[in-house]
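Q: I'd like a close look at one part of this model. Could you take me through a single helix and what it packs against?

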Amino acid sequence: MTPLPSITERLARNTYHLDEDENHIEVNQEIARRTGTGKLLVRICPAQVYGEAPDGTITVNYAACLECGTCKAMAAPGALTWHYPRGGFGIAYREG
Amino acid sequence: MSTDVDFDVIVIGAGIAGMVCAHQLARAGHEVVLIERGQEPGTKNLSGGVLYCRVLEAVFPGFVERAPVERRITRNVLSFLNDTSHLNVDYWDSRLAEPVNAVTVLRAKLDPWMAAECEQAGVMVMPGVRVDALLREGDQVVGVRAGDDELRAHVVVAADGVNSFIAQEAGVRPKEPIKHLAVGVKSVIALPRTTIEDRFRVSGDEGVAYAFVGDCTQSIAGGGFLYTNLDSVSLGVVLRLDDLEAKGLSSADVHDRFLAHPAVEPLIRGGELLEYGCHLTIEDGPAMVAHDLTRPGLVIIGDAAGFTLNTGLTIRGMDLAAASGMAAATAITAALKAGDFSDDGLSGYRAELDRSFVGADLKTYAKAPAFLENPRMYSEYGQLLAEVFHGIYAHDLTPRKHLVSTAMAAVKRSRLTLGRLMLDGWAGARAL
């Protein structure tokens, strides 16, 4: 047994300053579906920010984002708009 | 060109590169502002954890004694991991303790200290501010915009990390091919100090760095790592993005399975998860750095420029970041003196880099990324080594054979040929 709880539980131990007013991630559903980027995002994001709803829509839980940029690097052109959260918001590593 | 500036230099990003650069510029008497998007320097920063620290002594005398570093690495373990076996090369050397060669660090602890050093040197540290865009007059970069605020300077330094939105906006870096990038997924697990000393056979502030290849990434190009901190261990996987895409696996699952591996789990048993994080990293620094490093009024340093070296055995970024920050500071000081902020005026940066170990090492390891693309590194070789040693140690009452015959038999049973093996060996020797 490793000391790892579920992703949700382990992210709950991290410190975040949630930006209630601005979502820094946006998926273009049509391009994401057509290019396969949607399913790719779901599996490559270490924080599991992305999910797939039963109807195939890609959901985004931006509050969990660890701001690594893997999704931006791998997404097909036009499928994803991703930038850093506003100054002072987002993940705040205590260990790093 | 307008000479109406708020600062001589604006540095974007309080990582190692940005802070070293800002510190050196302030110490040379220039007005410097260091802008950081995190609420405090360090809160956005994550590294695997081994810092080859000799270069930092030149910037912060007494660095190892004064800075909040974790442990001095005196033992390096290279571990070939298979499903149900592993073979370790375990190198301990007391010479690695004096002078101190490498230390483990936790960036959220180290970086605030470094920012305080910057402030003491006269840098104005401005945290909690995200730079949104560059300000330009014609071709010349003349400052930055953050929200509704504008700040102007003679030179802007982009030290905004691997994703460098600034370098991309300036047109210096195109979208990176994904095989140049990898994602590191890491857990920090708390363990009592005495447990770390007993489990890893270290005493005092000495520590161990493990590098894992093979089954740790389920054959995705990349590797695993485990580093001891004072009272925790940092461990995780680094996965090359093109291969992560190709293999169809989940990055979080690969990380979790590595921690659960029978060779790894006992090392963290009984620990408690302190933090789970990730960071994008550069797999082919030499290819990335081939682009320009300046634009008129703009200098790009650290990860933003691509200064990372994965030599297979060691992964270096922070020491190159520091050295690039130093080289940039020297060049910018000369540019400020001459009042020339054109590409020409800033060309001293590339020259300084070429003179330093950064330029030399990037040349030396230019072939390493191509060698590490070899898929056999991540599957067959670990198996082969285990087969050889199994042949040596497993006494099944059949007559023993000489070592060479045992090894040859193992090669024969594997999917490798002797010719393939020799070619890979030769390529490895040349690349690394």
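When α1(B) passes α11(B), is the crossing left-handed or right-handed?

A: It's right-handed: that is how α1(B) passes α11(B). (Left-handed would have the near helix turned anticlockwise from the far one by less than a right angle, and right-handed has it clockwise.) Keep in mind that this is a predicted model, with local features needing pLDDT of at least 70 and side-chain atom pairs counting only at pLDDT 80 or more, while totals for chains, interfaces and linings use all residues. For the bookkeeping, residues are numbered from 1 along each chain as its sequence is written, and chains are lettered from A and ligands numbered from 1 in the order in which they are written.

Now the helix itself. α1(B) covers residues 16–27, 12 residues in total, and spans 16 Å from first C-alpha to last, close to the expected 16 Å. That expectation is 1.5 Å times one less than the number of residues. Elements here are DSSP runs numbered from the N terminus: helices are H or I with at least four residues, strands are E with at least two. Just past the end of α1(B), B:Gly29 has a positive phi of about 95°.

How much of α1(B) is covered up? 11 of its 12 residues are buried, so the rest of the structure largely encloses it. (Buried means 20 or more other C-beta atoms within 10 Å, exposed means 12 or fewer, and partly exposed is in between, with C-beta atoms placed from the backbone.) The buried set includes B:Ile16, B:Met19, B:His23 and B:Ala26. Among the elements doing the covering are strands β1 (7–12), β2 (32–36) and β10 (149–158) of chain B, along with α4 (107–121) and α11 (318–338) of that chain.

Back to α11(B), then. Its axis and that of α1(B) come within 7 Å and cross at roughly 35°; axes are lines fitted to C-alpha atoms, for helices over the stretch in contact, and angles run from 0 to 180 degrees between N-to-C directions. On the α1(B) side, B:Ile16, B:Ala17, B:Gly18, B:Val20, B:Cys21, B:Gln24 and B:Leu25 take part, meeting α11(B) residues that include B:Met318, B:Ser324, B:Gly325 and B:Ile332. Contact here means C-beta atoms, placed from the backbone, within 7 Å. This contact comes out as 12 nonpolar, 5 polar and no charged residues. (Ala, Val, Leu, Ile, Met, Phe, Trp, Tyr, Cys and Pro count as nonpolar, Asp, Glu, Lys and Arg as charged, and the others, Gly among them, as polar.)

α11(B) has a further partner. It packs against α12(B), residues 348–355, at an angle of about 140° with the axes 8 Å apart. The two helices are therefore oblique to each other, given that under 35 degrees counts as roughly parallel, over 145 as roughly antiparallel, 65 to 115 as roughly perpendicular and the rest as oblique. α11(B) passes α12(B) in a right-handed crossing. Here α11(B) uses B:Ser324, B:Ala327, B:Ala328, B:Thr330, B:Ala331 and B:Ala334, and α12(B) uses B:Gly348, B:Tyr349, B:Glu352 and B:Leu353. The contact of α11(B) with α12(B) has 6 nonpolar, 3 polar and 1 charged residues.

Definitions and conventions: Two residues are in contact if their C-beta atoms, placed from the backbone, lie within 7 Å.
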